[in-house]
Amino acid sequence: MEHHMSDGLDKELIIVGGGLAGSEAAWQAARAGVRVTLYEMRPVRQTPAHETDRLAELVCSNSLGSMLVNKAPGLLKAELRGLGSLILECAEETAVPAGSSLAVDRSNFAELVSRRVEEHPLITVVREEMAGIPERPAIIASGPLTSESLAADLQRLSGEEHLYFYDAVSPIVHADSIDMTVAFRQSRYDQGEQVQGDYINCPLSKEEYDGLVSAMLGADTIALKQFEREDPHFFEGCMPVETLAARGHDALAYGPLRPVGLVDPRTGKRPFAVVQLRQDNVSASLYNMVGFQTNLRWGEQKRVLQLIPGLQNAEFLRYGMMHRNTYINSPRLLQPTLQLRSRADLFFAGQITGVEGYMGNAGTGLAAGINAARLLQGKSPVIFPTGTMLGALCHYVTHADPKDFQPMKANFGLFPPPEAKMSKRDRGIWYAQRALTKMRRFAREYELEYDRYTAERDLESITEA
């Protein structure tokens with residue numbers, strides 16, 4: 001893109017946050033010829049989770065997920081590889097053995113990203129806290145541990161009801177793994193806002209309920225970090241089901257598992273308790289376990305949750321978790337370009353948008369960086385195709401139901417299924433072929449740099465196998 005190199009040099013882009021999204025956004029904007037000032041508050045002000053002052057420090061797992069292109073995380077990587085992702089390039093250079101997954105040496109990875117960003121001639125890294133939203137063109141990529149002062153300014157900008165302080169998620173199940181010979185579709189009393197059939201219900205007899213509660217109370221939970229334990233609102237706003245169960249054996253039956261207004265068609269009677277699942281995406285391939293936030297260890301979750309009738313063979317896209325998090329209500333606030341609806345020169349990227357997963361964060365940083373640079377260069381920001389994994393993620397966080405918006409990571413449930421029936425493996429290959437073709441054509445149409453040969457190399461190896 002040499003012919004654009006001078007277009008953005010007289011303007012500056014502010015990026016807040018030096019995590020995966022912020023580092024990727026800075027790299028993409030500078031790569032397009034825009035001067036960038038990247039604000040990272042560490043080490044001047046540390047967070048409870050970070051240990052170093054390096055950019056792109058990984059605070060949880062060191063795994064960036066599957067490299068197989070017929071898997072959703074692998075497809076996202078193939079797309080980002082073609083688009084020249086800094087985060088992915090650094091991850092692959094600092095990889096450690098992890099089978100078909102991409103895992104990194106944390107220290108080497110953060111060191112490499114930091115060096116690459118800091119050495120770029122168009123990027124200036126400023127080590128201080130950005131206490132408020134910049135009045136100039138900016139990308140907010142401050143992450144789940146956004147500082148109190150910046151969070152307060154985000155509340156002012158978006159309205160308090162549109163800034164979520166989020167500390168709980170419920171498991172999400174693939175729809176085709178639910179046993180519908182046991183489960184049934186029905187809404188409570190078949191009236192109100194929901195119409196008949198909007199919920200999938202897993203009925204429990206008293207004996208099945210007793211067994212589920214006993215298993216919950218005997219299962220291991222994840223130890224909370226100190227800053228999460230000290231949060232006075234942690235358990236009051238979103239109480240884990242196992243904590244509620246510990247308050248009384250029938251507490252769940254009178255709480256999130258209450259069966260009122262529901263009739264099991266197999267018996268013609270109201271079940272003793274019921275676990276409800278609510279549609280989580282437009283194509284109805286994903287279902288959220290309503291009110292089932294939990295802090296059980298992930299292995300324990302699978303064991304316990306598969307005791308629920310209808311979920312004995314359930315495939316979990318995401319397990320429940322409890323942690324401090326801050327994210328905006330993106331469906332209300334953002335355009336698919338990741339621009340704030342009320343202010344075109346303000347973009348958001350990373351976990352604060354409701355995207356989960358390391359590469360999802362990097363991907364939204366890439367999209368925001370490209371679009372912010374385009375805006376500063378007098379071009380229109382682009383909307384990535386929904387047939388690509390990056391486009392599907394951006395579409396999800398900006399089009400989900402604002403009332404029930406929850407974070408999401410890359411998964412094939414974000415795509416509508418193919419019309420023809422095919423095996424799960426073939427379906428993954430079909431998604432990948434379609435996505436990479438769409439991304440290549442999209443990049444060509446909007447003159448984005450794209451290395452089609454690198455991006456499709458892994459796909460060719462799969463289809464030939």
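**A loop residue and its surroundings**

Tutor: Leaving aside residues up to four places away in sequence, Ala400 touches Pro331, His395 and Phe405. Please keep in mind that this is a predicted model. Ala400 sits in the loop between H13 and H14. Its relative accessible area is 15%, and because the limit for calling a residue buried is under 20%, Ala400 counts as buried. You can also see the chain coming back on itself here: Ser330 is 70 residues away from Ala400 in sequence, yet their C-alpha atoms are 8.4 Å apart.

H13 runs over residues 389-399 and is mostly covered, with nine of its 11 residues buried. Those nine are Met389, Leu390, Gly391, Ala392, Leu393, Cys394, Tyr396, Val397 and Thr398. The cover over them includes helix H2 (72-82), helix H11 (330-333), H12 and helix H14 (424-445).

A disulfide is a covalent bond between the sulfur atoms of two cysteines. A search of the whole structure turns up zero of them.

Next comes H12, one of the helices that cover H13. Asn371 is part of H12, and with 1% relative accessibility it is buried. Residues up to four places away in sequence aside, Asn371 touches Thr337, Phe347, Pro381 and Val382.

H12 also packs against a helix from the other end of the numbering. Helix H1 (residues 20-31) meets H12 (residues 358-376) at an angle of about 35°, and the two axes are 7 Å apart. Their crossing is right-handed. On the H1 side, the contact is made by Leu20, Ala21, Glu24, Ala25, Gln28 and Ala29. H12 brings Tyr358, Asn361, Ala362, Gly365, Leu366, Gly369, Ile370 and Ala373. Sorted by class, this contact holds nine nonpolar residues, four polar ones and one charged one.

If you follow the chain past H14, another helix of the cover, you reach Glu447, which is in the loop between H14 and helix H15 (452-464). The backbone of Glu447 has a phi near 55°, which is positive in a residue other than glycine. Most residues other than glycine have a negative phi, and most peptide bonds are trans. Ala56 gives another example: its phi is also near 55°, and its place is the loop between strand S2 (35-39) and strand S3 (63-66). Ala56 is buried, with a relative accessible area of 0%.

Now for some charged pairs elsewhere in the chain. Side chains of opposite charge can pair when their charged atoms come close. The count of salt bridges comes to 13. One of them joins Arg156 to Asp153, with the closest N and O atoms 2.7 Å apart. These two residues are three places apart in helix H5 (residues 148-158), so they are separated by about one helical turn. An α-helix has 3.6 residues a turn, so residues three or four places apart point the same way. Arg156 is exposed, with a relative accessible area of 58%, whereas Asp153 is buried at 17%.

In helix H6 (residues 206-218), Asp210 and Lys206 lie four residues apart, about one turn of the helix. Their side chains meet in a salt bridge at 3.1 Å, N to O. Asp210 is partly exposed at 22%, and Lys206 is partly exposed at 41%. A further salt bridge brings together the side chains of Arg266 and Asp264, at 3.3 Å from N to O; Asp264 is buried, with a relative accessible area of 4%.

Finally, here is the chain as a whole. Its secondary structure comes to 15 helices and 17 strands, and 57% of its 465 residues count as buried. Among contacts with a separation of 6 or more, 70% come from residues 24 or more positions apart.

Terms used:
Residues are numbered from 1 along each chain as its sequence is written. This is a predicted model: local features need pLDDT of at least 70, side-chain atom pairs count only at pLDDT 80 or more; totals for chains, interfaces and linings use all residues. Side-chain values use heavy atoms; hydrogens and water are left out. Axes are lines fitted to C-alpha atoms, for helices over the stretch in contact, and angles run from 0 to 180 degrees between N-to-C directions. A crossing is left-handed if the near helix is turned anticlockwise from the far one by less than a right angle, and right-handed if clockwise. Contact means heavy atoms within 4.5 Å. Ala, Val, Leu, Ile, Met, Phe, Trp, Tyr, Cys and Pro count as nonpolar, Asp, Glu, Lys and Arg as charged, and the others, Gly among them, as polar. A disulfide is a pair of cysteine sulfur atoms within 2.5 Å. Buried means under 20% relative accessible area, exposed over 50%, partly exposed in between (1.4 Å probe, protein chains only). A salt bridge is a side-chain nitrogen of Lys or Arg within 4 Å of a carboxyl oxygen of Asp or Glu.
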